[in-house]
Each structure stands twice: as structure tokens, then as C-alpha cells.
Amino acid sequence: MLADEALLDRLQRAAFGYFEHNINPRNGLVADTSRDNSPVSIAVVGFALSAYPVAVERGWMARDEALRRSLAALRFFRDSDQSGSPTATGYRGFYYHFLDIHSGARVWQSELSMIDTALLIAGALTAAMYFSADSADETELRALADFLYRRIDWRWSQDDGETIRQGWKPECGFLHYGWEGYSEAIVLYVLAMGSPSHPISGDCYRAWTATYQWENLYDHDYLYAGPLFVHHFSHAWLDLRGIRDRFMREKRADYFENSRRAVLIQREYAWRNPHEFDGYDENGWGLSACDGPSDEQLGLANEPRRLFGYAARGVPYGPDDGTLSPSAVLSSLPFAPDLALAAVRNLLLRYPEMLNDDRLASSVNPSLRGADGKAWVSAGHYGLDQGIVLMMIENHRSGLPWKLMRGCSYLRDGLRVAGFRGGWLLASAPGGAH
Amino acid sequence: MSPPPTPPTTPQDVYERERLAHVHPETWRNPTPAERYQLVIVGAGPAGLAAAELAAALGARVALIERHLLGGTCLNNGCVPSKTLIRTARLYADMRDARRYGAQAPADIPVDFAAAMERVRRIRSHLGGGDSVRKLAAAGVDVFFGNMQFTGADTLTVNDEKLCFDKAIIATGARPHIPDIAGLREAGCLTNANVFNLTELPRRLLVIGGGPLGCELAQAFSRLGAQVTIVQDKPLFLEREERDAAQMLSDAFARDGIEVRLNTRVTAVRVVNGEKLIDMVSDDYHSTIAVDVILTGVGRLPNVEGLNLEAAGVSLTHAGGITVDDHLRTANPRIFAAGDVCLQQQYTATATASAHIAVRNALFGGRQRLSDLIVPWCTYTDPEIAHVGLYVREANRQGIPVKTFTIPLHEIDRAVTDSEQGGFVKIHVRERSDEILGATIVALHAGSMINEITLAMVAGIGLRTLSRVVHAYPTQGEAIRCAADAWNRTRLTPRIRARLRRWLSR
């Protein structure tokens with residue numbers, strides 16, 4: 001059996017392989033999934049930009065190659081069509097969620113996405129913090145990241161409302177999906193509040209946090225959100241250990257501790273297994289946003305379950321169709337290392353079919369078995385899964401992404417406007433060099 | 001343009017004749033008015049009837065005026081018929097779902113819609129007897145049927161007969177609002193006011209509006225065999241309720257086979273070859289569906305027309321309802337209002353409770369406040385969604401630190417034995433105390449379960465006491481005690497635990 005460190009290294013290296021193999025090197029854009037004809041997801045590009053520094057430090061990619069790829073992506077976004085037309089790439093500094101991998105034009109009539117733009121720009125800022133040399137290329141990279149960040153009109157994205165809207169389309173304007181309750185959006189709000197050019201106010205953050213629910217579930221107090229990825233994504237870039245906003249001060253906790261409790265609750269739920277699915281127990285958990293078996297199974301007669309495709313599965317109210325996300329388990333590593341490792345090892349042992357090229361599939365459903373007796377496994381790989389796995393393993397191993405972003409004055413300013421105090425924020429002066 | 005189709009009328013059967021005999025007998029002759037009434041009540045829905053019964057019991061000289069039928073919306077085309085129909089619909093759903101309970105599903109389950117509606121009329125007629133004209137008259141209430149108008153600050157007329165009053169309560173209720181959608185009136189639509197007159201099941205039904213009424217009837221008609229589409233212009237159903245509850249309802253609708261269209265607006269209705277074509281838009285997605293019947297449930301309008309309120313010095317809000325203060329007094333200190341005509345919360349329980357406040361304040365110069373009322377409400381879908389008190393977002397906005405004790409029903413034996421795990425009890429307490437601020441329950445009988453929380457809130461009982469209340473086992477109500485137990489366990493901080501350990505190992 002591989003030692004923990006060797007196992008993590010292998011999984012992390014394989015996750016990085018996703019970004020090596022699914023990129024258009026001409027423009028630095030990365031596909032959403034490894035499936036044929038997959039478009040680009042701008043969030044996955046953000047993860048790629050964050051992954052290159054890790055790969056350089058771990059010796060998986062030469063610095064100049066990482067720099068070249070990062071520059072290609074940032075130059076593409078700088079030069080992209082920002083007219084907001086139905087076939088543009090973006091508008092007001094934001095970008096459409098899905099783009100053509102060759103032309104970079106909007107596809108699938110996707111929305112201009114605030115959260116996905118935030119994940120992209122978090123990646124750009126990570127690259128800017130890492131490539132700090134005085135060379136012409138690295139200087140250009142930092143200027144590009146700064147330009148792209150300052151170009152985003154965060155205030156516009158409020159649509160005169162109290163909080164940031166989820167999306168916009170040229171065909172109909174702002175989308176009307178509700179976005180209440182705790183979500184992965186802390187990084188979005190922090191970036192929006194830290195902006196030197198179009199900042200939103202702290203009131204906006206407070207209006208969002210007013211929709212939070214602090215719940216006691218299975219004897220754990222936590223800030224409730226059902227799907228596990230919600231408890232991970234902002235933490236890929238933000239070191240939220242020991243720093244607290246007003247809400248967390250009142251609750252005498254912090255977001256990092258909260259994610260740990262979310263893991264305990266997921267584990268407890270799977271152990272209780274209310275819907276009696278196969279493979280759920282103390283080491284079989286991970287309900288999160290992931291692919292699912294519905295497309296393959298809809299034609300089956302007498303299928304008693306209701307199966308979902310790509311959906312944000314959550315605890316305790318579902319949806320729960322027996323599908324688990326191994327990458328959500330692995331991404332819990334910084335918060336609950338022992339529990340996450342035990343569960344990942346267990347899943348790998350039970351369902352070796354979920355590992356392909358050493359990379360984790362998006363999801364596994366042990367209740368659905370094929371003729372060969374193997375569990376249903378999502379085909380191919382998803383960039384978001386590989387990105388969050390790579391980042392969270394690195395945060396667990398070396399803390400490099402956190403360290404880089406603690407140095408980013410924009411994020412520090414954003415955190416302060418949000419009301420975060422204490423911990424490492426105390427030690428860093430307001431403002432300062434970016 | 002052809003005139004709008006005539007809405008269905010109530011079948012004139014034995015039950016209908018019996019109902020009318022209770023709530024508006026053909027042979028009724030209005031009494032000769034007394035010289036002066038201590039209290040005149042305008043409108044005989046739940047608020048008006050409750051006010052009349054209380055005032056008469058207190059010994060006041062009371063007149064009750066009704067334009068149409070005693071019982072109002074609740075009895076005639078609201079809670080009573082809808083809950084009756086929902087029960088039949090649930091039976092059909094259970095029959096189809098028999099395998100879930102280890103039972104054999106009948107091979108063929110034909111729906112007898114006419115029988116279901118006949119049961120509605122029978123039960124409505126039976127319950128109408130409880131508030132019949134004769135019972136009211138026997139209790140000493142002078143009941144007048146007819147059109148009423150105020151003629152001064154303390155006078156009014158009913159069919160030109162003059163009545164003088166010391167105090168009056170306006171309880172004329174509200175009626176369905178027909179949304180302003182191009183082509184809707186021409187195509188014709190049903191509301192709660194006439195949907196219970198149907199005798200044939202519509203094959204394809206469109207429900208506009210995802211509030212309590214729209215949700216309840218969409219599910220009921222779906223279970224009775226109609227192909228139902230429900231359109232709601234918000235991201236979730238029941239927009240006031242908390243997200244998890246509304247999401248559970250969406251999931252339940254999907255299981256029932258209802259086509260759910262959230263974030264969607266109906267832009268136009270067209271009639272082509274006898275079919276109603278519904279044009280809809282959701283952000284940038286335009287679509288059209290064909291239906292046979294449209295039901296709307298998108299809000300209600302207060303009934304204030306024709307009352308000549310100006311003569312009485314009673315003023316209206318921007319929304320068109322009667323302006324009242326927290327004591328339910330209108331701009332005319334002699335006149336009070338109660339129920340849907342003046343309240344935002346349009347529930348029968350609120351109407352009745354507000355009527356009691358209005359009577360006490362009117363007759364005895366009381367200072368009871370509407371804002372002191374703790375009123376639970378419930379949407380009677382499957383599962384039911386019940387709420388009382390504050391929502392978390394309200395507490396957050398008011399700066400009240402709040403913590404929620406959540407018990408998923410899969411933790412409760414009786415919910416599991418009944419295969420009804422899809423639900424929860426959430427009790428919101430003031431942080432670091434056991435004071436209950438509010439609760440939401442999603443369960444098959446959430447409406448009944450919420451009463452325990454309401455009792456606790458009214459009596460000032462906290463979770464500490466609730467945890468001492470032995471609940472019958474196994475019942476779904478145990479979820480409330482489980483939440484209280486969870487609260488109790490949070491008192492066992494590591495320091496107290498250590499102290500206990502030391503004491504136990506003396």
C-alpha cells in the first residue's frame with residue numbers, strides 16, 4: 001500500500017495531467033471535461049492558472065512553460081471580445097461560462113457568470129503572485145492579471161440590488177435565480193470588495209450573509225450548505241483559518257472549522273444512510289455537485305430510484321440518488337485529513353474503476369452495477385474536480401496557494417471590507433504591495 | 001372576438017340545496033333592524049362569523065350583514081373544499097404508490113372525478129350547517145342578506161334599510177386576482193372561486209402561481225389524473241418559506257409528474273382550434289404549451305368596492321386594503337376591520353384571531369394588538385409545509401442571533417415506518433438560550449405538528465421544557481422532542497463534561 005504522501009502525490013500529479021492534456025496551447029483555454037467536443041469552462045481556466053505554480057514547484061512543469069501557458073490565457077482574455085454580444089467572450093470584465101476552445105466565443109448560449117469569472121480571476125491573481133520575477137514576461141503577466149481584475153465591473157453585477165446577481169445574458173439581461181444561503185461565493189464577494197476600480201460595499205456582503213442559516217444537525221453546529229463543494233471552493237484560494245467575519249465571530253467558529261464540521265455531517269449522514277444506498281458508510285460519503293447516472297439509466301424499465309445527471313447533491317435533504325463524488329472527499333483533506341484519507345482509500349479499494357489514468361472520475365454510484373458487477377462511474381474527467389483536488393492537496397501538503405494569496409493585497413482588502421479580523425490578517429498591514 | 005367562456009357553476013344537487021339552506025336560504029327574510037346595534041359586522045366569512053359569535057356570546061346586540069353566502073372563501077371555495085379534494089387525491093397517489101408500502105398496486109386505477117367532487121359538495125354542505133343562519137339567529141345575531149353601504153360615521157343601509165351602530169367591524173374578505181396576461185380573460189380561466197364547480201377532470205391543466213393555493217391544487221389535480229404544468233415567476237415555490245422546504249416541494253412535484261416551470265412568466269394566452277396555447281418565457285427560453293383549462297392563484301384583492309367607505313371615513317392602503325392600526329382600528333375610531341380585507345397574512349386562522357381582537361377592542365375599548373398574535377400557517381401539499389414565528393432571514397435582519405435545531409425525519413422511527421422520511425423539523429432559537437423564535441416543519445401532517453411549537457411560543461415554553469415532555473412513541477411529533485434533546489446536549493460543554501466526569505469518578 002502506498003504511503004499517504006505517495007498516494008497524494010500520485011493523485012495530485014494525475015490531476016495536473018488533466019490541465020496538460022485538455023488545453024488549447026494557442027490561447028491557454030482549458031476544456032470543461034475530457035469528453036469529446038467539450039467547451040471551455042472559464043472556472044477551469046482559473047484552476048489551471050492556479051495549478052501551474054504548484055506544478056512548477058513540484059517539478060512537473062518547467063517554469064517557462066507554465067509562464068507561457070499562463071500568458072497565453074491572460075492575453076486571450078485581454079484581447080477577447082467584450083461587447084457582450086451573443087457570440088462575444090465577455091462583457092464588463094466578466095466572461096461567459098462556456099467558450100469555444102478554438103475561437104473563445106460564447107457557446108451553449110451560456111450565461112455571463114459572476115462566480116465563474118471570480119474563480120478565473122482568482123487563478124489569474126494566483127499566477128500574478130507566483131510569477132514575481134522582474135523579467136519582461138513575468139512583468140507582463142502581472143500587468144495582465146491586474147488589468148483583467150480591474151476591468152471587472154462588480155458594481156454593475158448587483159443590478160441595483162443588495163447582492164451580486166448570479167448571471168446575465170444578452171438575450172434577457174440578469175438572470176433571476178435565487179442565490180440565498182451560504183455558498184461558494186465568499187471568494188466572489190471578497191474579490192468584488194477588494195477591487196480598486198469597481199468595488200461593491202461591505203453592505204452587499206452583509207446582505208448576502210443575512211441569508212445564512214446556522215444549524216445544529218446530528219449534534220454539530222455549522223453554517224448550513226448541503227453540497228460538500230460549497231465548503232471547499234473559496235478555501236482553494238482563501239486561507240480562512242483563524243480569521244472571522246462578524247457572523248463567525250458571533251458563532252465562535254471560522255469558515256475552516258465550519259468545513260471540518262461539514263465533513264463530519266456528511267460522514268454521519270452516509271453512516272445513517274436514510275435512503276439505503278450501497279456503499280454509504282463512515283468511509284463512503286461525498287455528496288456534492290457531480291456528474292450522475294441519469295442519462296444512461298433513464299431508459300431502464302422499473303427503475304425505482306430517481307436518478308440525476310450533473311447535479312448539486314447535498315446533505316441532508318438531497319438530492320441523493322446514491323452517487324458520490326470522490327473528488328469532494330479528497331478535497332476535504334485540509335479540513336479533516338484522517339477522515340478524508342480513510343474515505344478515499346476505502347473508495348479506491350472498493351471501486352478501483354473510478355480511477356482512470358490515476359485521475360478520479362467525477363462520480364461513482366455503487367447502487368448501480370453493470371453486468372460486470374462494477375459500480376457505475378462517470379465517463380471521462382471534469383476539470384473542476386481535478387482543479388479543486390490539486391489545490392486542496394497542495395494546501396494540505398505545503399499551503400502554497402494559501403501562502404501566495406495571503407500576499408495578495410486585493411484579497412486582504414476584500415476580506416477586511418467583509419469584516420474579517422484576527423489571525424494572519426492581523427500580521428499583514430492593510431493595503432501594501434500587490 | 002368571442003366572449004369569454006362561461007365559468008362552471010355549482011351543480012344543483014341535493015348537497016347544494018342543503019348548503020344554500022344553511023348559508024343563504026331562499027326564503028330568508030331580513031329581520032326588522034333594532035334601533036341601534038352595539039356592533040355591526042359586515043361580511044360573514046371566517047372573520048365575520050367569529051366576530052358575531054363572540055360578540056353575541058358576550059351579550060352584545062349584534063347585526064351580521066352578508067352579500068352572498070355565509071362562510072366566506074374558507075367554507076365555500078377555499079380551505080374546506082380544497083382539503084376535501086386533497087384527501088381524495090392523496091388516496092389515489094397512495095394506491096399508485098402501493099409498492100412503496102409493500103402492497104400490491106391495483107392493475108388499473110380509474111379516477112372517478114365526479115365522485116370526488118360530489119364528496120367535496122357533500123362535506124362542504126355538511127360543514128356549512130355549523131354556521132347556519134338559523135344557528136346564528138338562535139344565538140341572538142340579527143342576520144341580514146343584501147348589499148350594504150355606509151351612509152355616515154355610524155350608519156349604513158342594507159337593501160335601503162337603515163342600521164345605526166355604536167361600533168362596526170368590516171370583514172368583507174378578498175377575492176381572487178386575475179393576472180393581467182394578454183388573452184387570458186378571453187381564453188377564460190378558473191380561480192378558487194369556481195374551480196370546485198368542475199365536474200369533469202381537465203385533461204391538461206395549467207396552474208399560474210406557485211403560492212399555497214396554486215401548489216395545493218396543482219398537486220391535487222395531478223394526482224387525480226390531470227396532466228399539470230405549474231408556472232411560477234420566482235426561483236422557488238412558496239417564496240416566503242425557507243429554501244429547503246420549497247425545494248422539497250419541487251422534488252415532490254417532480255415525483256408526482258407535475259411539469260414544474262420555475263422562473264417562468266406566462267406572456268400570452270391564445271386560443272387556436274379550441275386549444276389554449278400558453279406562451280411562456282424563462283430568462284431567454286421561450287416556449288409554448290397547449291392546455292385545456294387554466295387555473296390562476298396569484299394573489300387576492302380586498303373586497304372594498306360598493307361599501308361607500310368614504311362616507312364612513314375609512315381609508316385604504318396603497319394595495320387597496322383597509323388601513324388599520326395594530327389594534328385593528330380604521331381611520332374611523334368607531335369602525336374596525338378584521339381578516340383578509342385588511343391583513344397581509346390571508347389565512348383562516350389569522351382571520352378568526354384578528355376578529356376576536358377586533359371585537360374585544362371595539363366593545364370594551366381593549367388594547368389588544370395584532371402584532372402580539374402568534375399565528376402558524378400551513379400549505380397542505382404532500383408533504384405539508386408549516387411555519388410559525390420568525391424565519392431565520394427575518395431574525396438575521398433584525399439582528400437577533402439565531403440558531404436552528406434541525407431534525408431530518410429520517411431520524412424519526414415513525415416517519416421511517418410510514419416511509420415518510422422526506423421532511424424535517426427546524427426549530428429556530430435565540431442563540432445561547434432556549435427561547436423559540438420560530439419553526440418550520442415539513443411532514444405529512446406538519447400542520448398538526450406545528451401546533452405544539454405554537455403552544456410553546458404562546459406559553460413562553462422553551463426547548464428546555466419541551467425536552468422534558470414525554471412524547472408518545474412512535475410518533476412523528478417526537479421530532480420536536482428530538483430537537484429539544486439536541487438543544488440539551490449543546491449545554492454539555494467540554495468544561496461541564498469534565499466536571500461531570502470528575503464527580504462521577506469520586
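Reply: In this predicted model, the centres of domain 2 and domain 3 of chain B, taken over C-alpha atoms, are separated by 32 Å. According to the domain assignment, domain 2 of chain B covers 184–298 and domain 3 covers 383–494. The assignment also gives a domain 1, made up of 32–70 + 132–177 + 299–373. Where domain 2 and domain 3 of chain B meet, the contact takes seven residues from domain 2 and eight residues from domain 3. On the side of domain 2 of chain B that touches domain 3, five residues are nonpolar, two are charged and no residue is polar.

Chain B contains 17 helices and 21 strands. Its C-alpha trace spans about 85 × 60 × 45 Å along the principal axes. A compact globule with 506 residues would have a radius of gyration near 23 Å, and the 25 Å of chain B agrees with that.

Tyr473(B) and Pro474(B) are joined by a cis peptide bond, with omega about -10 degrees. Pro474(B) lies in the loop between helix 15 (463–466) and helix 16 of chain B. Most peptide bonds are trans, and most residues other than glycine have a negative phi.

Chain B also meets chain A: 26 residues of chain B are in contact with 25 residues of chain A. Four elements of chain B each supply at least two residues to the side that touches chain A, namely helix 9 (243–256), helix 12 (392–397), strand 19 (402–408) and helix 16 (478–490). Strand 19 of chain B gives the most to that side, with six residues. By class, the side of chain B that touches chain A has nine charged, nine nonpolar and eight polar residues.

Chain A has 17 helices and 17 strands. Its radius of gyration is 21 Å, close to the 22 Å that the globule rule gives for 434 residues, so chain A is as compact as a globular protein of that length. The C-alpha atoms of chain A fill a box of roughly 55 × 50 × 50 Å along the principal axes.

Within chain A, one pair of helices can be followed closely. Helix 2 (residues 42–57) and helix 4 (residues 114–130) of chain A pack at an angle of about 20 degrees, with their axes 7 Å apart. Because of that angle, helix 2 of chain A is roughly parallel to helix 4 of chain A. The crossing of these two helices of chain A is left-handed. Among the residues that make the contact are Ile42(A), Phe47(A) and Tyr52(A) from helix 2, and Asp116(A), Leu120(A) and Tyr130(A) from helix 4. The residues of this contact divide into 14 nonpolar, five polar and one charged.

Two backbone details of chain A complete the account. Asn37(A), a residue other than glycine, has a positive phi, near 60 degrees. Its place is in the loop between strand 2 (29–30) and strand 3 (40–41) of chain A. The peptide bond from Val315(A) to Pro316(A) is cis, with omega near 5 degrees. Pro316(A) is found in the loop between strand 13 (311–312) and helix 12 (326–330) of chain A.

Definitions and conventions: Residues numbered from 1 in each chain as written. Chains lettered and ligands numbered in written order. Predicted model: local features only at pLDDT ≥ 70, side-chain atom pairs only at ≥ 80, totals over all residues. Axes fitted to C-alpha atoms, helices over the stretch in contact; angles between N-to-C directions. Parallel < 35°, antiparallel > 145°, perpendicular 65-115°, else oblique. Left-handed = near helix turned anticlockwise from the far one by under 90°. Contact = placed C-beta atoms within 7 Å. Nonpolar A, V, L, I, M, F, W, Y, C, P; charged D, E, K, R; others polar. Domains from an automatic or database assignment. Rg over C-alpha atoms; globule rule 2.2 N^0.38 Å.
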